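I opened the model today to look up a few things residue by residue. My notes follow in the order I took them.

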Amino acid sequence: MNTQEFQIQVLPVKDKLFRLAFRMTGNALEAEDLVQEVFLKVWNGRMELESVQNIEAWCMRIAKNLAIDRLRSKHWQTRTDEEPIIVETHEASPYTITEQQDTLEHIRQIMHQLPEKHRQVMELRDIEELSYEEICEVLSMTMAQVKTNLHRARQAVREALIKLNVSKN
Amino acid sequence: MRTLLFVITVVLLGVSSTAQAQSDAISKYFSKYVDDERFTVVYISPKMFQLFDKLDINLDDAEANAIKEVVKDLRGLRILVAEENTMELYKEASQLINKKEYEVLMTVRNKGEESVDFLIKDNGGDIIDELLMIIGGPDDFVLMSFVGKIDINKISEMAKAFEEDDKE
Amino acid sequence: MTTQDIQKLLDKYFEGETSLEEEASLKRYFQGKDVDPSFRAFQPLFQFLESEREASLSPSFETRILTQIQAENRLRMRRITIYIARVAAIAVMIIGIVVLFPKQPHMNDSIAINWAQYEPQTDEEAMAETTAALQLLASKLNGSARTATKELDQIKRSASVFK
């Protein structure tokens, strides 16, 4: 694979990788750094790429694993000080947000209350629009697990949405 | 990577040095007895063989010619002769010869008297690299190594020439 | 799409049974302005999903990665060059050893065993030795039981002369 092919076949996945990394680390700078690491890794191991069927899913899987590694090492470094960063970065000050942002923020909260696996499946499906097969590959799950997790996630979100709507009105 | 190359180097060194060590059976054997006065030693160098062309041999024509033919192929000759402990020396020599390296051409055993082993080192053809003769008799032990590009047919021609001579 | 269609799709969606195409049409519907009031509760979800998709890397990122990859290539080339140079150096060394070795053991042997000291001084003597040796060989090859004393004596005699 040459630079040009890399640019066409691999680089377009960058935003998906970035969002995945951002959702996991909660830090834009770190997410960007992580995406960079993924690409360098993929580039240096590009011989392997020949046998990869779905480059996008493959890259996302690498990104997910790298993010887990980073979170793990960070967890050990700072485990005494704070909560996972995810929550704090997304928590905007209540005074600065408009009503719509407020609503979106509520949804974000709902999503974050989901069990991690449920949330991850739903994010990959509904934000990144991956096929079930791709989700299986990225998250190393079976098809049945993906479907169950998605079902539970959406059911939980639905209930939360209805509850939210009721409390608003 | 470095480890790999190190291993390759060591292996190559090992292979080449063992191959060399084994290739010279007579040196290997004789190194043990180098200072032993009981041994009579003869060595003819490759240089000497180059001088032989001009010399005449004091023998019948047939025998002389046969010998001359063989001498042409020779590049070295080493002989060890001992008159004490001959049977032990013979046994020891036979054991020391690497059977993978040398092929037994012929073994002659005379009941209780004398054993003769002929061993060759060849490349699969009629031209052999070395001919080794080990004689173990009650009175003599002889270890003889001819090296060169020796044509085995010429050797048998030579043997025949002498056989005919014996009959006469 | 009718309200009923949407309702069906929504139900299917929450059951986790929609296809990517169906999900896309749901998203399109909720991005529109005419969302039926009965579905209002679900609109924020689709807005959220849409807004999440907007997050992207800066446009300069791609150039940065490409530059880095090219730098990596050069670095790798340099590494490969160094590697090849090292392999070549070792190969030369090994070839050197292999080329030199066949002579060395002989030298070693002749140092350990100084064969030259056992060599007859004259070519006539040497020829006589060789002839005797070959005669002995011939007689042994012929299976002669008696030790060819004559030849052996020749060898012993001349050897003791120059010893």
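**Met158(B) and the cores**

I started at Met158(B) and listed its contacts, leaving out residues up to four places away in sequence. Met158(B) touches Ala66(B), Ile67(B) and Val70(B) in chain B, plus Leu134(C) and Ala138(C) in chain C. I kept in mind that this is a predicted model.

Next I asked which nonpolar core Met158(B) belongs to. Met158(B) sits in the largest one, which has 57 residues. Met158(B) is among the residues with the most contacts inside that core, along with Ile79(B), Met133(B) and Ala133(C). Helix 6 (residues 123-141) of chain C gives the largest share of this core, nine residues. As a general reminder to myself, nonpolar side chains tend to be buried together in soluble globular proteins.

**The sheet of chain B**

I then traced the strands. Chain B has an open sheet of six strands in the order 1-2-6-5-4-3, with antiparallel pairing. Which strands stand at the edges? They are strand 1 (39-44) and strand 3 (103-109) of chain B. Each has a single partner strand, so one side of each is left without a neighbour in the sheet. From one strand to the next, the twist averages 10°.

I looked at one pair more carefully. Strand 5 (residues 127-136) and strand 6 (residues 141-151) of chain B run antiparallel and are joined by nine bridges. I picked out Leu131(B), whose bridge partner in strand 6 of chain B is Phe146(B).

Two helices came up here. Helix 4 (residues 61-73) of chain B lies across strand 2 and strand 6, at about 75° to strand 6 of chain B. Helix 5 of chain B packs on the sheet and touches strand 2, strand 4 (115-122), strand 5 and strand 6 of chain B. The direction of helix 5 makes about 150° with that of strand 5 of chain B.

Most residues other than glycine have a negative phi. I noted two exceptions.

- Asn85(B) has a positive phi of about 45°. Asn85(B) is in the loop between strand 2 (74-82) and helix 5 (86-96) of chain B. Asn85(B) counts as exposed because it has 12 C-beta neighbours inside 10 Å.
- Glu129(A) has a positive phi of about 55°. Glu129(A) is in the loop between helix 8 and helix 9 (132-139) of chain A. Glu129(A) has 15 C-beta neighbours inside 10 Å, so it counts as partly exposed.

**Chain A**

I counted ten helices and zero strands in chain A. Of its 169 residues, 33% count as buried. Is helix 8 (residues 116-126) of chain A enclosed or open? Eight of its eleven residues are buried, so helix 8 is largely enclosed by the rest of the structure.

**Where chain A meets chain C**

Last, I looked up the contact between these chains. 35 residues of chain A are in contact with 28 residues of chain C. Helix 1 (3-9), helix 2 (14-25), helix 3 (28-44), helix 7 (99-113) and helix 10 (143-168) of chain A each supply at least two residues of the chain A side. Helix 10 of chain A gives the largest share, ten residues. The chain A side divides into 15 nonpolar, ten polar and ten charged residues.

How values were computed
Residues numbered from 1 in each chain as written. Chains lettered and ligands numbered in written order. Predicted model: local features only at pLDDT ≥ 70, side-chain atom pairs only at ≥ 80, totals over all residues. Helix = DSSP H or I, 4+ residues; strand = E, 2+ residues; numbered from the N terminus. Buried ≥ 20, exposed ≤ 12 C-beta atoms within 10 Å, placed from the backbone. Pairing = 2+ DSSP bridges. Axes fitted to C-alpha atoms, helices over the stretch in contact; angles between N-to-C directions. Contact = placed C-beta atoms within 7 Å. Nonpolar A, V, L, I, M, F, W, Y, C, P; charged D, E, K, R; others polar. Core = buried A, V, L, I, M, F, W, Y, C linked by C-beta atoms within 7 Å.
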